[in-house]
Amino acid sequence: MHSSSSPLTSSSHPLQPYGWDADWEAEFAPYTEQGCLPGRVVRVDRGQCDVVTADGVVRADTAFVTPHDPLRVVCTGDWAAVDPEGGNPRYVRAYLPRRTAFVRSTSSKRSEGQILAANVDHAIVAVSLAAELDLARIERFLALAWESGAQPLVVLTKADLVPDPVTLAHLVQDVETAAPGVPVLSVSAEQGEGLDVLAAVVSDGTAVLLGQSGAGKSTLANALLGEDVMGVQAIRDVDGKGRHTTTTRNLLALPGGGVLIDTPGLRGVGLWDAGNGVDQVFAEIAELAEQCRFHDCAHQSEPGCAVLAAVDSGALPERRLESYRKLMRENQRIVAKTDARVRAEIRKEWKRRGALGKAAMEAKRGGLR
């Protein structure tokens, strides 16, 4: 590949609206010497992806960045090294190390992780007020958000469906209790309420929209973008659930600054090695646990358990403890399965190497005869 001229400084680079900065530019230097163009992945399809570069959006083949490990495949939000113009097809040759990564467990029996978005600064968990609040599901989303390295934010959408301000305040308070250290914002995209605050938050960095179908993510994205970019379908009045309107993850630059990644509605949100994230969601339990008599207290029936004492006194809602236990058990199972799979792969590799070594020895003996 031929060499190209040095890139523009980050302060004037056309990719700056997409998050390009001096640090990314420095990391990309080796690929610049190879003649590659920097770009950010805005969408990934089977075998190909769209990458926004200084020359516009490029359609590129992902053959070099689709390893067998699903956590290492190129994804929306990655900064990629793309072939210069002239190649047919043009390839993504590599992507830069991720600063953050939002990962969930797949539904496969192999307990593999699936990366949903990369290099995200804000993880927006959209929750519809058209249905009854599911605090346990919110806690699950937040555990993955904290684990990703991004700053979580809970957005309660369709606030216009709760006209009583007292009732709305109670709902916000309920979510705040389930989300310590996380801002909770009520928004009505229909009436424009709360959008200015949300736009100010996401104007700095990259935000990813997460939530179930029907949570109002596409409507929220359209409101932030100021145009009807994402398709929106009608929500069933019976249960407040929506059809999957977004089928791929799309990255879009916001007019007020910042970048937004919209994701499909997530039916299942399995934890993936999110122990630290769970601890952050249940920060008050982690603090209480430090006061337990035994350092390995399981908070079940041990004497001197500060967590159980807090439940008995009413200081800690029993629902919170049950949710904590459930997520910790699930995370421990995933980690154990992953460890077992890794061990099995190592054994398989050693067995393969042993067979190769045996064959080599036999070939050597045959040559000595």
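**Close-up views of a predicted model**

**View 1. Helix α4 and its buried residues.** In helix α4 (residues 195-202), the buried residues are L195, L198 and V202. Seen down the axis of α4, these buried residues fall within an arc of 65°, so they line one face of the helix. The arc is taken from the directions that run from the helix axis to the C-beta atoms. D196 and A200 lie on the other side of α4 and are exposed. Buried means under 20% relative accessible area, exposed means over 50%, and partly exposed is in between (1.4 Å probe, protein chains only).

This is a predicted model: local features need pLDDT of at least 70, side-chain atom pairs count only at pLDDT 80 or more, and totals for chains, interfaces and linings use all residues. Residues are numbered from 1 along each chain as its sequence is written, and side-chain values use heavy atoms, with hydrogens and water left out.

**View 2. What the buried residues of α4 pack against.** Their partners are β8, β9 (151-157), β10 (184-186), β11 (206-210), α5 (217-225) and β13 (259-262). Contact means heavy atoms within 4.5 Å. Helices (H or I, at least four residues) and strands (E, at least two) are DSSP runs, numbered from the N terminus.

**View 3. N119, a loop residue with positive phi.** Most residues other than glycine have a negative phi. N119 is not a glycine, yet its phi is positive, about 55°. N119 sits in the loop between β7 (113-118) and β8 (122-128). At 6% relative accessibility, N119 counts as buried.

**View 4. H299, in the loop between α7 and α8****.** The loop runs between α7 (283-289) and α8 (306-313). H299 is a residue other than glycine, with a positive phi near 60°. H299 counts as buried, because its relative accessibility is 6%.
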